[in-house]
Amino acid sequence: MDERICGLRDSLVDLDSERVKEKVNSALRKGIEPLEIVNSLADGMRRVGERYEAGDLFLPELMMAGEIMKEAMAIISPYLKGSERVQRMGKVVLGTVEGDLHDIGKNIVKTMLTSAGFEVVDLGADVSVKKFVESVRKEEPKIVGMSALLTSTMDGMKEVADELEKEGLRKGLKILIGGAPIDEGFAERIGADAYGKDAMDAVRKAKILVGAES
Amino acid sequence: MNHRERVLAAVEHEEPDRVPVDLGGTVAGIHKGAYEGLKRHLGFKSETVLYDMMQQIALVDESVLKRLDVDTRHVSSSPLAKAPKKMLPDGSYIDSWGVKRVKAGYYYDMPSDGHPLRDASVDEVDDYPWPGPHEDAQKVIEYMGKRVKYLHEKTDYAVVYSSSGSFFEKSWYLMGFQRFFTDLIRDPTFVCRVMDKVVDCGLKFESEVLPEIGDYIDVVRFSDDLAMQSGPLLSLEMYRKYIKPRQRRVFQFVRSKTDAKIFYHCCGSASYFFDDLAEIGVDIVNPVQVSAENMDTKMLKEKFGDELCFWGAIDTQRVLPHGSTKDVEEEVKRRIRDLAPNGGYVLCAVHNIQPDVPPENIVAMYDAAKKWGIYPIT
């Protein structure tokens, strides 16, 4: 890493949004490769994620880090070359299933996936089977991610999985699911490829699904 | 032992004749879909009255409560005060706090544009139209006064009152989850101002209600989810700095007006906060969400059983909706074995019974509680 951006990662881990912005601006002025700045921030997000998983940090810190990352990216984006703007890990279509308006968890997953280099197409909450299928057809993502909080809506995930199969869209597409009532067994039963226990686990699983990690 | 004595013994950590059971209110209640199925199953016919709009909870009829031999009766300012403030043409509504609610699936939930203080500044908080006692407040208070006096004097049920003293969730409903949780770091002054306003509104209402009902209620309920399935929402440090002092204020106020036991509902992995909650006067914890992290009932009883009474614990995420009646019976036996020795356990489902729970399983739960809940527990 360019030593001129040392401290950027730690400023993010310390949730110091002003300092992160300062450091990003100064790095850009010094002519440091924008992609390198992004990587440094992504490294910070990874550390925040690890500390969350270890129980040292909680949702406020995790969400705050996500906001700081977003603000920093807004500064860096104009400096990125066209090819660098394409998120390198691939595209994820993400949504909360039909009948379920709970999108807090899904939004955190979105932040963490974006920070990890995925391009996320967010369909929002209460997403119909049809909308998932249409979006997969249009966006051609590597992964479709589904979330549910309710025991009474989680079966909607199976409907989406079945419909994708029926429409011939399942080949090469991975299904990643999560939410409070979901577990490995349920993922297996409905033919999903992976289950994310929380946002960090979802990112880890997503990386495995696209072959970026084993 | 009558119903009230049974509940009170349990809450006082003494062994009653059998484990008391609860059904009713808005955290140990039943969704109208499940309730209609239950009535059909039991052969009861009545029109379902809605008790809570947002969660679509039914008012449970006496006939059903008697059949299931429920030891409690619930009272709140609902259904009057919980009625929508304003219905919108598309079927959604604005609640009495100004938060928008949209029907999705079985309930009403908040859309992302439903939070009225989402973009407010700290100076705008005071000017927000905070809910005061509504037009019918006096009528509601009179009704509640009569109702609890009747329940206390003419029946032998334990009376559970749902109070208005909860503030944590209402505060984030008002500004949205994202803003609440990031502002705890970025702008805690704003979050604190809103929480204080919400506490003030609740206590103002309670200062009028509790003098009327305080002598006739046995349990007073608060409800604020501080945890989720996988863990607490925020650190103990942050909880102690921002939430706990306000809880202490609310509980102290309520304690000064009634001897009723303090019941605190917190979903998810709540055990993280149990020591602190006990310290500020909580007597009962609910719903004991056994499917969440660090909520193993054996561990809970061992660690917190001397101080806290557990109320709930029959798994609603897996066993009740997806298990057989035999599984339900086993679940009941297990939770009784873990939680009931030396008293300190009132049995009901973890949170409201949802429409995906078959009526057979509901009946199996209450029947099993009666069969296996007889003391001494073996």
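Domain bounds are taken from an automatic or database domain assignment. On this basis, chain A is divided into domain 1 (3–84) and domain 2 (87–209). The structure is a predicted model, in which local features need pLDDT of at least 70, side-chain atom pairs count only at pLDDT 80 or more, and totals for chains, interfaces and linings use all residues. Residues are numbered from 1 along each chain as its sequence is written, while chains are lettered from A and ligands numbered from 1 in the order in which they are written.

The C-alpha centres of domain 1 and domain 2 of chain A are 26 Å apart. Nine residues from domain 1 of chain A and seven residues from domain 2 of chain A take part in the contact between them, two residues being in contact if their C-beta atoms, placed from the backbone, lie within 7 Å. On the domain 1 side, helix 3 (34–53) and helix 4 of chain A each supply at least two residues, and helix 3 of chain A provides the largest share, five residues. Helices (H or I, at least four residues) and strands (E, at least two) are DSSP runs, numbered from the N terminus. The domain 1 side comprises six nonpolar, two polar and one charged residue; Ala, Val, Leu, Ile, Met, Phe, Trp, Tyr, Cys and Pro count as nonpolar, Asp, Glu, Lys and Arg as charged, and the others, Gly among them, as polar.

Between the chains, the contact takes 22 residues from chain A and 25 residues from chain B. Helix 4 (residues 59–76) of chain A contributes six residues, the largest share of the chain A side. That side divides into eleven nonpolar, five polar and six charged residues.

The largest nonpolar core contains 185 residues. Such a core is a set of buried Ala, Val, Leu, Ile, Met, Phe, Trp, Tyr and Cys residues joined through C-beta atoms within 7 Å, a residue being buried if 20 or more other C-beta atoms lie within 10 Å of its own. Helix 8 (residues 188–213) of chain B supplies its largest share, eleven residues, and at least three residues come from each of domain 1 and domain 2 of chain A. Among the residues with the most contacts inside the core are A:M157, A:A192 and B:F310. Beyond four places in sequence, B:F310 touches B:V285, B:V288, B:L300, B:L339, B:G344 and B:Y345.

In chain B, four strands form an open antiparallel sheet in the order 4-5-6-7, strands pairing if DSSP finds at least two bridges between them. Strand 4 (86–87) and strand 7 (107–109) of chain B are the edge strands.

Key:
A residue is buried if 20 or more other C-beta atoms lie within 10 Å of its own, exposed if 12 or fewer, and partly exposed in between; C-beta atoms are placed from the backbone.
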